[in-house]
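Biologist: Hi! Could you walk me through some side-chain contacts in this protein?

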Amino acid sequence: MSEHAARGNDAQHPEPQQKTHDAGPGLSDGTLTEGVAIHAGADAAAIWDDRYRSKPRMWSGKPNPQLVREAGGLRPGKALDLGCGEGADAIWLAQQGWTVTAIDVSAVALDRARSHEKAALARESVHAAEGTIGSRITWQQADLDQWEPGDSFDLVTSQFLHSEELAWQGPLRTAAAAVKRGGTLLVVGHHPDRLPPWGGGHNHRGMFYTCDELVQELGLDGPEWQLEVQTSRERPVTGPDGRHATIADVVLRATRLP
């Protein structure tokens, strides 16, 4: 099934130091992507730690709206968040009742994610009938070029997982393989033909994918899968210099058949 719908501003956009702009997810001054937890080479963790340390906060702290839209109606179970960044998506999933495994290469990002989760739990405990609400999230540091899941999941989500240094095919094949029968795969990314004009770092076509490329690469057109959403959604964004543009995101949701 295909879906075509307009989309508003994505809430998980970066928030640069001093100046906040609505560049959209993955467009920190037009160059970075929320959840980019992968990088070729042994220095991946150090590279991403440095990038996170360059700003006190890289992302907005809000869950990606496409995740909210596509997973909001699913029955909670076990979820895997690939490239969790500072943890907004994982925390939102946990708040909906999911038990979450959240993976990122950066220890700095994961430290921030744990801190954000702790703050969220503290806020929730004020309204809890008894004591502090327990964590539903397991934070795990790993390079997705090498990481393999040790379990299967009811939901596997990958939000804007793009890298100049590493092809997307391997990590997303791993993501698809981790979905249990009856479970959901959700992949959201920037459309390669609808990138912002100021994105000087977004000049590598191989970083991005269309829905058709996802379906072919991940084998989602086979009898094992049912495509639920296969679309490109437009949304307005504002760049670091105040310019406005309309970009598009690829959204793919598929169910592994029982």
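Biologist: What should I know before we start?

Modeller: This is a predicted model, where local features need pLDDT of at least 70 and side-chain atom pairs count only at pLDDT 80 or more, while totals for chains, interfaces and linings use all residues. Residues are numbered from 1 along each chain as its sequence is written, and side-chain values use heavy atoms, with hydrogens and water left out.

Biologist: Where do Trp-168 and Tyr-209 lie?

Modeller: Trp-168 is in the loop between strand 4 (153-159) and helix 5 (169-177), and Tyr-209 is in the loop between strand 5 (179-190) and helix 6 (211-218), so the pair ties together parts 41 residues apart in sequence. Helices (H or I, at least four residues) and strands (E, at least two) are DSSP runs, numbered from the N terminus.

Biologist: Is Trp-168 buried or exposed?

Modeller: Trp-168 counts as buried, at 6% relative accessibility. Tyr-209 is buried too, at 0%. Buried means under 20% relative accessible area, exposed over 50%, and partly exposed in between (1.4 Å probe, protein chains only).

Biologist: New topic: how many salt bridges?

Modeller: Twelve salt bridges, each being a side-chain nitrogen of Lys or Arg within 4 Å of a carboxyl oxygen of Asp or Glu. One of them joins Arg-253 and Glu-70, with the closest N and O atoms 2.8 Å apart. Arg-253 lies in strand 7 (residues 244-256) and Glu-70 in helix 2 (residues 65-71), so this pair ties together parts 183 residues apart in sequence. Both Arg-253 and Glu-70 are buried.

Biologist: What about Arg-173 and Glu-217?

Modeller: Their side chains meet in a salt bridge at 2.2 Å, N to O. Arg-173 is in helix 5 and Glu-217 in helix 6, 44 residues apart. Arg-173 is partly exposed at 41%, and Glu-217 is partly exposed at 30%.

Biologist: Last one: which ring does Arg-51 lie over?

Modeller: Arg-51 lies over the face of Trp-48, 4.4 Å from the ring centre. The rule is that NZ of Lys or CZ of Arg is within 6 Å of the ring centre and within 35 degrees of the ring normal. Lys-78 lies over the face of Phe-153, at 5.6 Å.
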